[in-house]
Amino acid sequence: MQPQAIAISGRAGSSGAMIRLAWLLVLSMAVLLMQAVSAMARPESLAPLADKVSPAVVNITTSTVVEGRTGPQGIVPEGSPFEDFFREFQDRNGNGNGNRPRRSSALGSGFVISEDGYIVTNNHVIDGADEIEIEFFPGEGQPKELLPAKVIGTDPNTDIALLKVEAPAALKYVKFGDSDTARVGDWVVAMGNPLGQGFSVSAGIVSARNRELSGSYDDYIQTDAAINRGNSGGPLFNMDGDVVGVNTAILSPNGGSIGIGFSMASNVVVKVVEQLKEFGETRRGWLGVKIQDVDSDLAEAMGLEKARGALVTDVPEGPAKAGGVLAGDVIVSFDGADVKDTRGLVRQVGNAEVGKTVRVVVYREGKTETLRITLGRREDAERGPASEDGSGEAPGSTEKELLGLSVGVLTEQMRTELNVAEDVEGLAVLSVDETSEAWEKGLRAGDVITEAGQQKVAAISDLEARVSEAKEAGRKSLLLLVRRGGEPRFVALNLSE
């Protein structure tokens, strides 16, 4: 019986080994299959993509007539006894052309977005140019000669310009893609005319999203695809050949690519281009409020559950004031969409249609209210006169120390010295303890406190009452509305000061 048992055990062991071997073969085949699929999804060459989209990418040459130098500027001070000597020296060496104008040229990139010749580029590529010429990448059916272009419209806020050329035949063009679908790590391709070397292709990935450089409407895609001078205005393509960005800027200590480039997201560009094409200018919505972000201290002081929305610091004449918005309101929703912060609200309002009546939800005194506001046009508002309140150094006065501040009643004499408008009531900040939270948050002598706890203050007793009320309500901080140079802002100060 024992040998038979061994024989049976042996057969069982052999069967198990075969099963394990079969599973290993299956797993190996699965891995190989996945590798094959991955290889099929990622092409070995970007040449097919470049061939597909390159006919729509153009080089842009601009020329500008600039005035000649009137003297040896930058060498000796004007009026120096050596001025005539250096002028004669420049003339002898061919550098002194007197007042004769000279022509300056610059290079950039762009791309065709329609068969009838509309071209997108950066505003800074063509800004101030007297002549603009378009050179097409050599390809079947594309113009061989340089074509003059006219400016349809520009938008300095997003650094976008729309041009138009008249071509003898229909042009090859590219389409915009949805930049919101671009993910960090996606492959992208930049095309253009770097450093004046002619048509060039570079590849990289999306390094980051939603970058902000300096503008209110910034939404940049950061990429490590090589972008250099001359690439400005060129397209950033995804792997489907759709434009997801317009190459605009680089971060570099030496002027060359170090792998940090920025392309304005296509979803921003599309809206700008549509308006430039229709109106020749942008038409952005205007709400008419001054706002600031809500931090955790402000949220706690106002009773908000979390830091969100945009805090209204001032409401000048405009749509918001007509619609009932008050200073101290927190705008938490605009036209059906949540407001994350001030940057988000600016973009939401800017993208809205001029003249549209929208629902604006504000948080006010512990509850929300819905207001209906008809939007104006930002460009019209920016051209209008701006009102200012002045402020200066605070003179000496009867002082009361609260929250790390020495404050005094705003007298007529102080109004004159601080240049504060007659209709402004409040307390003047006479000095600030440099070890206090108030100093850390930027309060300085000459500031004027007009509200505390979202109520007006005209006397020191008003401020003391607001402090007491906040403490009794269990608040950890008190919200102040402070004006400096006509610009209001909210500051939350810890009540333990």
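Me: In which helix does threonine 342 lie, and how are the helices assigned?

Reply: Helices (H or I, at least four residues) and strands (E, at least two) are DSSP runs, numbered from the N terminus, and threonine 342 lies in helix α8. The model is a predicted one, in which local features need pLDDT of at least 70 and side-chain atom pairs count only at pLDDT 80 or more, whereas totals for chains, interfaces and linings use all residues. Residues are numbered from 1 along each chain as its sequence is written, and side-chain values use heavy atoms, with hydrogens and water left out.

Me: How many helices and strands are there in the protein?

Reply: The protein has twelve helices and 27 strands.

Me: Is threonine 342 buried or exposed?

Reply: The terms rest on relative accessible area: buried means under 20%, exposed over 50%, and partly exposed in between, with a 1.4 Å probe and protein chains only. Threonine 342, at 15% relative accessibility, counts as buried, and of the 497 residues of the protein, 42% count as buried.

Me: Which residues is threonine 342 in contact with, leaving aside its neighbours within four places in sequence?

Reply: Contact means heavy atoms within 4.5 Å, and with those neighbours left aside, threonine 342 is in contact with Ile291, Gln292, Asp293, Gly309 and Ala310. With one of these residues, aspartate 293, the side chain of threonine 342 also makes a side-chain polar contact at 2.8 Å; a polar contact is a pair of N or O atoms within 3.5 Å, where within protein one must be able to donate a hydrogen and the other to accept it, and residues adjacent in sequence count only if both atoms are side-chain atoms. Across the protein, among contacts between residues at least 6 apart in sequence, 63% join residues at least 24 apart.

Me: How many salt bridges are counted?

Reply: A salt bridge is a side-chain nitrogen of Lys or Arg within 4 Å of a carboxyl oxygen of Asp or Glu, and the count comes to 18. Glutamate 212 and arginine 343 form a salt bridge in which the closest N and O atoms are 3.6 Å apart. This pair links distant parts of the chain, with glutamate 212 in the loop between β8 and β9 (220-223) and arginine 343 in helix α8 (residues 342-351), 131 residues apart. Glutamate 212 is partly exposed, at 44% relative accessibility.

Me: How many aromatic pairs does a search of the whole structure find?

Reply: Rings of Phe, Tyr and Trp (its six-membered ring) pair if their centres lie within 6.5 Å, and planes under 30 degrees apart count as stacked, over 60 as edge-to-face and the rest as tilted; the search finds three pairs. In one of them, the ring centres of phenylalanine 111 and phenylalanine 176 are 5.8 Å apart and the planes are at 75°, so this pair is edge-to-face. Phenylalanine 111 lies in strand β2 (residues 102-112) and phenylalanine 176 in the loop between β6 (160-165) and β7 (187-192), so the pair ties together parts 65 residues apart in sequence. Phenylalanine 111 is buried, at a relative accessible area of 0%, while phenylalanine 176 is partly exposed, at 25%. Phenylalanine 137 and phenylalanine 199 form a tilted pair, with 4.0 Å centre to centre and 40° between the planes.

Me: Which residues have the most contacts inside the largest nonpolar core?

Reply: A nonpolar core is a set of buried Ala, Val, Leu, Ile, Met, Phe, Trp, Tyr and Cys residues joined through side-chain atoms within 4.5 Å. In soluble globular proteins, nonpolar side chains tend to be buried together. The largest core here has 40 residues, and those with the most contacts inside it are Ile60, Val120, Ile134, Phe136, Leu163, Val165 and Phe237. Apart from this core lies another, of 22 residues, among them Val407, Leu427, Ala452 and Leu480.
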